[in-house]
Protein chains: 2
Amino acid sequence: MKKSLGPRIAAYPTPVWVIGSYDSQGKPNAMTAAWGGVCCSEPPCIQVSVRPSRHTYTSVLARKAFTVSIPDAVHAAEADYFGIASGQNTDKFARTGLTPVRSEIVDAPYVGEFPLVIECRLLHSMELGAHAIFVGEIMGTLADEEALTDGKLDMAKLSPLLYSVDQRSYFGVGQVVGKAYSLGLKYHKQD
Amino acid sequence: MKKSLGPRIAAYPTPVWVIGSYDSQGKPNAMTAAWGGVCCSEPPCIQVSVRPSRHTYTSVLARKAFTVSIPDAVHAAEADYFGIASGQNTDKFARTGLTPVRSEIVDAPYVGEFPLVIECRLLHSMELGAHAIFVGEIMGTLADEEALTDGKLDMAKLSPLLYSVDQRSYFGVGQVVGKAYSLGLKYHKQD
C-alpha cells in the first residue's frame, strides 16, 4: 500500500548541473540547477529550468546560449555555492577561485575545473509558472581526458552529483548495477 | 585541456524512469526513458521525452495523462525490459509479472512494485525532432512506506537507478556527499 505525498516534486534522481552564461555587462555567471534533463536525441537537446527572477534567466534569453558544466563530487561545495549566491551582485567565479572559460562555439562561459561541459544554443523557451524551461541544442561537448576510458565517458571517473530534494543533500554515484539492453532480455526471449 | 566530443548526448547523470500509459484498447503499457527531468516547482512539473514511433507517444497524447514509476535497483532487469520491448505487440506487465495499478487521479497505470510513483496530467507537448517533450503537471505522488524516513523520501532507501549513456549501463546511488545550501556557505560568507 503506497502512501500519498500529494502534488509535489519528488523525482529521483535529479542531477546537479551548473548553468553558465554571460550577463549584459559580459560578466560570466554560473547557477546551479537540479531541474533539468535530456529532451531529444536528434538534434541533441537538453532542458534546464530557471526562475525568471534569476540573473541567469535574463542572460540566457539575451545571449541565446548557455553551457552546462557538470561538477564532480570534489567540487560539491563550489556547486552548492553557485546555487546559493546571485550573480546580480556577486562574481561567483572570483569567490570560488574557479575559472570561467569562454566557449569557442556558443556565447557562454563554462567552469574550467569541472570534468564535463555541454555547450548549447537556446532553441526554445517556455514559461510554465515558477520556472521557465530553456531547451538548448547541444552544439558541443567537452570532457577532461581523466573522465574517459577508451574515449568514452566513464561514470565512476566523472563522479557526478545527485540531488535529493527531500533530504536537501547531495549524493555520489554508486556501483554498476548492470548492462542496459541486456539485463531485461530474459523477459524478452520468452516467445 | 578538454577534449571535444562533438554535438552529442553526454549528460550525467540521467534517470531511469518508467512511463505508464493506457493505449486505445485500455491496455496498460510501460516504457523506460532516460530522457527526462523536473521542469517547474509551481505548478510542479516534470518532462519526459518520447519518440513519436513509440506506442507510449500515441497513448499519452490520447489520454492526456501518464505516470512515472521510479524503479529501485532490485527491479533493474524489469526496467531494462520495459525499454527493450514495444507495447504495440507485447503485454510488458504480463511478461515481467509486475502489477499495473490504475491511478486514482489520472488516466494512467503505474508499476505497483516500484517504490515511487509520480502521477501527471499532460500539460504541454512539443515536437523537437527525434523526440517529443511531454510536460506533465504532477497531480500526485505515491511512495512505499519503506522508502521514507520520518515521512521524507530517503535516497538510499529508494535506491533509484542512473543511466550511463556512453557505457550503456545502470548504476546505483552512492554515499552522501553533503548538505545543500550548506557546503557552499564558506564562499558566501566572505563579505
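Visitor: What makes you trust chain A, and how is pLDDT defined?
Guide: pLDDT is the predictor's confidence in each residue, on a scale from 0 to 100. Chain A averages a pLDDT of 96, and 99% of the residues score at least 70. For the complex, the predictor gives an ipTM of 0.96 and a pTM of 0.97. Where pLDDT is low, the predicted coordinates should not be read in detail. This is a predicted model, in which local features need pLDDT of at least 70 and side-chain atom pairs count only at pLDDT 80 or more, while totals for chains, interfaces and linings use all residues. Residues are numbered from 1 along each chain as its sequence is written, and chains are lettered from A and ligands numbered from 1 in the order in which they are written.

Visitor: What rotation and shift superpose chain B on chain A?
Guide: A rotation of 180 degrees, with 0.0 Å of shift along its axis, does so with an RMSD of 0.0 Å (least squares on the C-alpha atoms of residues with pLDDT of at least 70 in both copies). That is therefore the relation of a two-fold axis. The same surface serves both copies, as 100% of the contact residues of chain B recur in chain A (contact: C-beta atoms, placed from the backbone, within 7 Å).

Visitor: Which residue of chain B comes closest to the rotation axis?
Guide: B:Gly174, with its C-alpha at 1.9 Å.

Visitor: Why is A:Ser159 called buried?
Guide: A residue is buried if 20 or more other C-beta atoms lie within 10 Å of its own, exposed if 12 or fewer, and partly exposed in between, with C-beta atoms placed from the backbone. A:Ser159 has 21 within 10 Å, so A:Ser159 is buried. Its phi is near 50 degrees, a positive value in a residue other than glycine. A:Ser159 sits in the loop between helix H4 (155-158) and strand S14 (162-164) of chain A (DSSP runs numbered from the N terminus: helices H or I, at least four residues; strands E, at least two).

Visitor: Is B:Lys64 buried or partly exposed, and what makes it so?
Guide: With 16 other C-beta atoms within 10 Å, B:Lys64 is partly exposed. Phi of B:Lys64 is also positive, near 55 degrees, and the residue lies in the loop between helix H1 (55-63) and strand S7 (65-70) of chain B.

Visitor: How do you know that the peptide bond from A:Tyr12 to A:Pro13 is cis?
Guide: Its omega is near -15 degrees. A:Pro13 is in the loop between strand S1 (2-4) and strand S2 (14-15) of chain A. The bond from A:Glu42 to A:Pro43 is cis too, with omega near 0 degrees. Most residues other than glycine have a negative phi, and most peptide bonds are trans.

Technical notes:
Contact = placed C-beta atoms within 7 Å.
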